[in-house]
Amino acid sequence: MTGLHTETIPLVDETQLRVTIGEPDGAVRGGVVVLHESRGVTSRTQAIVEALAGEGWLAVAPHLYHRDDPGIDEQTGDAEAVDRAAAAITGESVLADSDAAFGVLAGRGVPSDRMAVLGFDLGATAALVVAAQRSLGAVITVSAAGVAKPLSAGLPALLDVVGELTCPWLGLYGERGDPVDPTEVDRLREAAHASGRVVDVVVYPSREHRFDADEQAAVQPDPLDEGNSEEATKMEARSRVLNWLDAHLR
């Protein structure tokens, strides 16, 4: 049984950052910073952190909304609160919080080339911003929006940053249901190749690539366990994420 707990880290801007940490039972293979979706660190996020720990990765999820609404994780049903918190996210705040999470990994002996950042929705957009400015082993994004037009006033358009990626990028999108038009995904893929890094951007025919667990389920299943889903697309997406970590955090 992996350990899942939350710690609080004081930051230089005098705010307190909470991080949810999943620790493997055995040897640590590397570290993954998980950047949450727009609703904050929900049970869905916690399930992903725990599942990664079960695969041997030390996983850390920073609670990105701590500056403007520290209680957002308990208010995920309040759409207005979520929208306000998401709009307040900036490139600077994401980098500061991610750096603190990377510090947790480094403090446990994980070198930067064995660190990855994995993001969903808003967190996916933030993950690409981080991967363009920090030296890492890999970046994985699921439904990263804000391609040509910034997702919020404080975040850059992704077309302006992916050419500076420092590490291999796996990007997962759905042709239907995702907030990004497939033609914009093509532009993003092409722009990312300018970085000279390995790039694999996959567009699935629907949202079935969203292997993260059902937030409404009474018991949250392991989001990375193939046995939890009959849909081949989800199974394939999960495998891609795990294989990307295996291939690039070595």
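This briefing covers the overall build, strand pairing, nonpolar cores and selected residues of one protein model. The model is predicted: local features need pLDDT of at least 70, side-chain atom pairs count only at pLDDT 80 or more, and totals for chains, interfaces and linings use all residues. Residues are numbered from 1 along each chain as its sequence is written, and side-chain values use heavy atoms, with hydrogens and water left out.

**Overall build**

- The protein has six helices and eight strands. These are DSSP runs, numbered from the N terminus: helices are H or I with at least four residues, strands are E with at least two.
- Along the sequence the pattern reads β-β-β-α-β-α-α-β-α-β-β-α-β-α.
- Of the 250 residues, 54% count as buried. Buried means under 20% relative accessible area, exposed means over 50%, and partly exposed lies in between (1.4 Å probe, protein chains only).
- Among contacts between residues at least 6 apart in sequence, 72% join residues at least 24 apart. A contact means heavy atoms within 4.5 Å.
- The protein exposes about 10400 Å², and carbon and sulfur atoms supply 47% of that area. Accessible areas come from the Shrake-Rupley method with a 1.4 Å probe; for residues, only the protein chains shown count as cover.

- Strand β1 (residues 3-10) pairs with β2 in the antiparallel sense over eight bridges. Two strands pair if DSSP finds at least two bridges between them.
- Leu4 stands opposite Gly22 in β2.
- The hairpin of β1 and β2 has five residues between the strands, and Glu14 there takes a positive phi near 70°.
- Strand β2 (residues 16-23) also runs antiparallel to β4, joined by four bridges. Val19 stands opposite Pro62 in β4.
- Strand β3 (residues 30-35) pairs with β4 in the parallel sense over four bridges. Val33 stands opposite Val60 in β4.
- From β3 the chain crosses through helix α1 (residues 43-54) to β4, in a right-handed β-α-β crossover. Right-handed means that, with the strands pointing away from the viewer, the path from the first strand over the helix to the second runs clockwise.
- Strand β4 (residues 57-62) is largely enclosed by the rest of the structure, because six of its six residues are buried.
- In a regular strand the side chains alternate between the two faces of the sheet. Both faces of β4 are covered: Trp57, Ala59 and Ala61 are buried on one side, Leu58, Val60 and Pro62 on the other.

**Nonpolar cores**

- The largest nonpolar core has 51 residues, of which Leu105, Leu128, Val139 and Trp169 touch the most other members. Such a core is a set of buried Ala, Val, Leu, Ile, Met, Phe, Trp, Tyr and Cys residues joined through side-chain atoms within 4.5 Å.
- Apart from that core lies another, of 24 residues, among them Val32, Trp57, Ala59 and Ala116.
- Beyond its neighbours within four places in sequence, Val139 has contacts that include Val117, Leu128, Trp169 and Trp244.

- Val82 lies in helix α2 (residues 79-87). Val82 is buried, at a relative accessible area of 6%.
- Val82 and Arg39 are 43 residues apart in sequence, yet 5.8 Å apart in space, C-alpha to C-alpha.
- Residues buried in α6 include Trp244, Leu245 and Val241.

**A loop residue**

- Ala157 sits in the loop between β6 (138-142) and β7 (169-174). Ala157 counts as buried, at 4% relative accessibility.
- Setting aside neighbours within four places in sequence, Ala157 is in contact with Gly146, Val147, Ala148, Lys149 and Pro150.
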